[in-house]
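Dear colleague,

My notes on what was found in it follow directly after.

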Amino acid sequence: MSGTIATNHQSQTLLIDADDTLWENNIYFERAIARFISFLNHHEFSPEQVREVLNDVERECIVKHGYGLHSFAHALVGTFERLSVKPVTAELHAQIHSFAHAVSDHPIELLPEVSPTLEYLSMRHRIILVTKGAVVEQTGKIERSGLKQYFTATEIVAEKNSAAYKGLIEKHKMGRESTWMIGNSPKSDINPALAAGLHAVFVPHGDTWILEHEEVNAAPPPQRLLIVGRFAELREHF
């Protein structure tokens with residue numbers, strides 16, 4: 001961890017990620033993938049090899065379709081077509097899509113102490129929800145979470161990169177020296193925010209999506225990087 005603890009006496013702007021920072025998300029995709037791999041039941045490729053192919057197909061689908069269930073369903077079908085000797089019939093297509101759509105049926109499961117922590121932070125700082133993905137899907141999750149009241153604004157972006165963060169800085173007139181990005185993804189939350197000149201707080205999640213894995217970059221001075229073990233620890237820093 002680099003830098004020092006943020007002062008409790010200064011108002012900060014806190015940009016906070018949603019999926020796997022505020023509520024569980026990737027575990028439902030992992031369960032769907034496990035069911036898909038079992039259904040494929042490949043006789044030459046191990047489950048780990050099938051997953052590697054799926055990862056590659058998902059990267060391709062993100063470029064074409066963005067993030068979300070629509071892209072995920074395309075990735076499952078594409079992986080099946082790439083690996084199976086069977087043609088994808090209408091019945092198989094429906095079965096494969098059912099694995100993806102099962103993800104949308106789960107209730108929002110908040111991570112521990114998220115709601116009271118947000119309540120605490122919202123009374124002291126400006127907090128903005130920043131998430132990426134399909135607008136309808138992410139909006140639905142935000143509404144169902146019961147957390148929207150704590151945020152002064154919500155932003156759903158197509159991609160979280162340094163350009164997106166710079167755009168948010170301009171839109172919300174944020175000072176880089178008093179703005180932090182908080183999230184579980186090195187690739188989307190931490191590294192691009194640091195590249196945009198912001199401070200960052202890394203909140204690791206044990207089931208972060210493999211395509212979000214990256215080495216966490218060091219914060220170039222005078223920027224700061226905090227690493228906390230759980231979301232509730234933010235109350236100790238802000």
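Thr13 is found in strand β1 (residues 13-16); helices (H or I, at least four residues) and strands (E, at least two) are DSSP runs, numbered from the N terminus. Thr13 is buried, at a relative accessible area of 7%, where buried means under 20% relative accessible area, exposed over 50% and partly exposed in between (1.4 Å probe, protein chains only). Not counting residues up to four places away in sequence, Thr13 touches Arg126, Ile128, Met174, Ser178, Thr179 and Trp180, contact being defined as heavy atoms within 4.5 Å. Of these, Ser178 is 165 residues from Thr13 in sequence, yet the two C-alpha atoms are 6.2 Å apart in space.

Please note that this is a predicted model: local features need pLDDT of at least 70 and side-chain atom pairs count only at pLDDT 80 or more, whereas totals for chains, interfaces and linings use all residues. Residues are numbered from 1 along each chain as its sequence is written, and side-chain values use heavy atoms, with hydrogens and water left out.

Two residues in loops deserve a separate mention. Asp20, in the loop between β1 and α1, has a positive phi near 65° although it is a residue other than glycine. Asp20 is buried, with a relative accessible area of 6%. Asn41, in the loop between α1 and α2, is likewise not a glycine and has a positive phi of about 50°. Asn41 is partly exposed, its relative accessible area being 48%.

The axes of α1 (residues 26-40) and α2 (residues 47-65) come within 10 Å and cross at roughly 115°; axes are lines fitted to C-alpha atoms, for helices over the stretch in contact, and angles run from 0 to 180 degrees between N-to-C directions. The contact is made by Glu30, Ile33, Ile37 and Leu40 of α1 together with Pro47, Val50, Arg51 and Leu54 of α2. By class, the contact has six nonpolar, no polar and two charged residues; Ala, Val, Leu, Ile, Met, Phe, Trp, Tyr, Cys and Pro count as nonpolar, Asp, Glu, Lys and Arg as charged, and the others, Gly among them, as polar.

A search of the whole structure finds six aromatic pairs. Rings of Phe, Tyr and Trp (its six-membered ring) pair if their centres lie within 6.5 Å, with planes under 30 degrees apart counted as stacked, over 60 as edge-to-face and the rest as tilted. The ring centres of Phe29 and Phe72 are 4.9 Å apart and their planes stand at 80°, so this pair is edge-to-face. Because Phe29 lies in helix α1 and Phe72 in helix α3 (residues 69-83), the pair ties together parts that are 43 residues apart in sequence. Both Phe29 and Phe72 are buried. Ring pairs also link Phe36, Phe39, Phe80 and Phe99 into a cluster.

In helix α6 (residues 135-145), the buried residues are Gln138, Lys141, Ile142 and Ser145. They cover an arc of only 100° around the axis, which puts them on the same side of α6; the arc is that of the directions from the helix axis to the C-beta atoms. Their cover includes β2 (126-132) and β3 (153-157). After α6 comes Gly146, with a positive phi near 75°.

Finally, a cis peptide bond joins Pro221 and Pro222, with omega about 5°. Pro222 is placed in the loop between β5 (199-202) and β6 (225-227).

With kind regards
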